[in-house]
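Biologist: I would like a close look at one part of this model, with the rest described around it. Please keep it plain.

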Amino acid sequence: MKESMVSAAVFIQNILPTLLRASGVTVKLTAFSIILGIAIGTAVALMRISRSKVLSGVATAYVTVLRGTPLMVQILIVYFALPQIGLRMDKFSSAVIALGINASAYIAEIIRAAIESIDPGQMEAARSLGMSYGLAMRRIIIPQTYRRLLPPLGNEFIALLKDTSLIAFIGGEELTRAGQHIISATFRPWPVYITVAAIYLCMTALFSFVVQFGERKLLQ
Amino acid sequence: MSAMIINARTSNNHGMVAGTSVISHAVNVNTNYLSQAPQPGSRPEAPMVELKGVCKRFGSLQVLKNISLSVDKGEVVSIIGPSGSGKSTLLRCVNYLEKPDSGTVSIAGNPVPEDESALNSARARVGMVFQHFNLFPHMTALENIMEGPVQVKRIPKSEAKEIALSLLSKVGLSDKAGAYPRQLSGGQKQRVAIARALAMQPDVMLFDKATSALDPELIGEVLQVMRDLAAEGMTMLVVTHEIGFAREVSDRIVVLAGGQIAEEGRPEDILSAPLNQRTREFLAKILPPTRV
Ligand SMILES: Nc1ncnc2c1ncn2[C@@H]1O[C@H](COP(=O)(O)OP(=O)(O)O)[C@@H](O)[C@H]1O
Ligand SMILES: [Mg+2]
């Protein structure tokens with residue numbers, strides 16, 4: 001028993017560098033997807049609350065479709081189906097696009113809810129000073145949403161970080177996939193998956209901490 | 001001219017610091033003002049605000065029914081009337097926060113434009129003060145006041161800061177430049193909100209129940225600022241439940257009931273001898289019995 005624990009510890013020590021290197025890919029995937037998700041999500045949120053029926057209709061359809069279908073299917077479509085219509089990308093780019101677009105639907109809803117939670121009197125006061133709608137949004141409304149955005153966005157980012165593990169299924173060399181490689185070579189699923197899980201946990205815990213810290217900063 | 005400004009400023013400062021000196025100073029401002037302002041009764045070319053046949057409905061609810069109203073430059077008009085009678089909607093139509101279904105609104109003889117960017121600049125010339133202040137919570141008092149001049153008028157920041165500081169001193173809040181709205185009392189917030197509107201150098205100021213969200217002991221300081229503004233010759237449209245203020249400061253009182261102007265006239269006539277049944281009912285509700 002004691003011997004096997006020692007050997008497990010040595011084993012984990014040996015695989016750790018490989019897994020940590022793969023975690024780098026996971027973090028990179030998450031970061032790029034978040035950036036894409038926020039960019040598209042903000043645009044979609046603004047479309048959803050716009051007075052134009054067409055824009056808000058398109059945005060609503062976008063959100064409905066992306067939230068109503070499995071992320072795994074979306075990943076497979078981007079990676080396997082898009083190349084058939086001439087959109088060929090490397091694995092990393094397809095992963096970022098699939099994850100980022102999926103996240104953008106959730107982020108759009110988070111941003112829309114935050115904007116709608118701001119007292120309408122703020123928009124009126126801004127407009128009464130002669131600000132255009134866009135200027136009032138940029139200067140008065142959006143800055144007030146930051147504090148309300150942080151907690152739900154933090155949750156979304158943590159979910160996104162975990163969802164990057166699905167990229168293993170299209171062969172993306174991220175943390176989960178790296179674990180699978182080690183297992184197929186060593187046949188020791190227990191220590192590998194436990195270590196992989198522990199690394200995910202460390203990353204999400206660290207991220208939660210950063211979000212909470214930021215929240216406290218914004219509250220001041 | 002400069003004497004008047006200095007006088008007005010001191011009056012304000014004193015008014016805020018020590019409530020007791022308000023009256024004598026306010027009288028001072030008044031006399032100084034009268035010596036060089038247009039004579040009462042003199043009619044400038046176009047009315048500052050003119051509404052003609054304004055109608056507004058929300059769904060099936062007809063809120064404004066054929067409202068025609070004209071306010072001259074330098075005139076202070078109080079709008080009173082029961083809750084839900086359309087007072088706020090009327091004010092909001094004046095700066096097109098609400099677009100009338102029919103009828104026209106003109107400011108200084110210019111019809112309020114339809115075009116979005118022209119509309120924005122037209123709005124910049126109409127100051128609005130809200131019941132719940134609507135200060136921008138993420139900005140300091142100074143930044144709140146600078147926001148319009150810097151972002152809308154594109155005035156250099158240093159210049160806007162000077163304007164904002166002088167307005168803060170005008171409303172007696174020089175020491176609160178760096179304070180955020182949440183650090184201010186209701187009365188202080190409303191005074192900053194008034195300064196914010198004044199920073200755009202509006203032709204007209206609209207007040208929508210500017211004191212009704214305030215604790216009783218804070219109402220006086222806001223009314224004093226409004227009184228000073230009136231004395232300086234600002235054109236004002238004031239929705240209020242402060243009948244005493246309406247009586248003292250306004251040149252004219254308009255009674256709105258059920259979306260129509262029930263009655264309008266000089267404060268002393270409206271308040272002591274209302275002709276209209278709805279005016280009487282309304283006044284009976286809000287005035288202490290002895291005064292009706
Ligand atoms: N944006 C709106 N949508 C629907 N109804 C409204 C809107 N604004 C005002 N109303 C209705 O119009 C009526 C008049 O409102 P308002 O002008 O605020 O009255 P007052 O300020 O005299 O109390 C009220 O019955 C109110 O519910
Ligand atoms: Mg009202």
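In what order do the four strands of the open sheet in chain B run, and is the pairing parallel or antiparallel?

Modeller: This is a predicted model. The open sheet of four strands in chain B has the order 2-1-4-5, and its pairing is antiparallel. Its edges are strand 2 (61-71) and strand 5 (110-111) of chain B, each of which pairs on one side only. Inside the sheet, strand 1 (residues 49-58) and strand 4 (residues 102-107) of chain B run antiparallel and are joined by five bridges. One position to look at is Lys52(B), which has Thr104(B) of strand 4 of chain B opposite it. In general, the strands of a sheet pair through backbone hydrogen bonds, in either the parallel or the antiparallel sense.

Chain B also holds an open sheet of six strands, in the order 6-7-8-3-9-10, and here the pairing is mixed. Strand 6 (126-129) and strand 10 (260-265) of chain B are at the edges with a single partner strand each, so one side of each has no neighbour in the sheet. Within it, strand 7 (residues 204-208) and strand 8 (residues 235-239) of chain B pair in the parallel sense, over five bridges. Leu206(B) is placed opposite Leu237(B), a residue of strand 8 of chain B. Helix 8 (residues 216-231) of chain B packs on this sheet and touches strand 3 (76-80), strand 7 and strand 8 of chain B. The direction of helix 8 of chain B makes about 145° with that of strand 8 of chain B.

Next comes the partner chain. Chain A has eight helices and zero strands; from the N terminus on, its elements run α-α-α-α-α-α-α-α. Its C-alpha trace spans about 75 × 50 × 25 Å along the principal axes. Within chain A, Arg48(A) and Glu109(A) form a salt bridge, with the closest N and O atoms 2.6 Å apart. That pair links distant parts of the chain, since Arg48(A) lies in helix 1 (residues 2-49) of chain A and Glu109(A) in helix 4 (residues 91-116) of chain A, 61 residues apart. Over all chains, the count of salt bridges comes to 18.

Finally, the interface. Here 23 residues of chain B are in contact with 19 residues of chain A. About 1800 Å² is buried between the two chains, and carbon and sulfur atoms give 54% of that area. Of the area that chain B buries against chain A, 25% is supplied by Phe136(B), His138(B) and Gln151(B), more than by any other three residues.

Three salt bridges are counted between chain B and chain A. In one between these chains, the side chains of Arg127(A) and Glu116(B) meet at 2.7 Å, N to O. There are also seven residue pairs in polar contact between chain B and chain A, both residues at pLDDT 80 or more. On the side of chain B that touches chain A, the elements giving two or more residues are helix 4 (116-124), strand 6 and helix 5 (141-152) of chain B. By class, that side of chain B has eleven nonpolar, six polar and six charged residues.

Technical notes
Residues numbered from 1 in each chain as written. Chains lettered and ligands numbered in written order. Predicted model: local features only at pLDDT ≥ 70, side-chain atom pairs only at ≥ 80, totals over all residues. Heavy atoms only, no water. Pairing = 2+ DSSP bridges. Contact = heavy atoms within 4.5 Å. Axes fitted to C-alpha atoms, helices over the stretch in contact; angles between N-to-C directions. Buried area = accessible area lost by both parts, 1.4 Å probe. Salt bridge = Lys/Arg side-chain N within 4 Å of Asp/Glu carboxyl O. Polar contact = N/O pair within 3.5 Å; in protein donor to acceptor, adjacent residues only side chain to side chain. Nonpolar A, V, L, I, M, F, W, Y, C, P; charged D, E, K, R; others polar.
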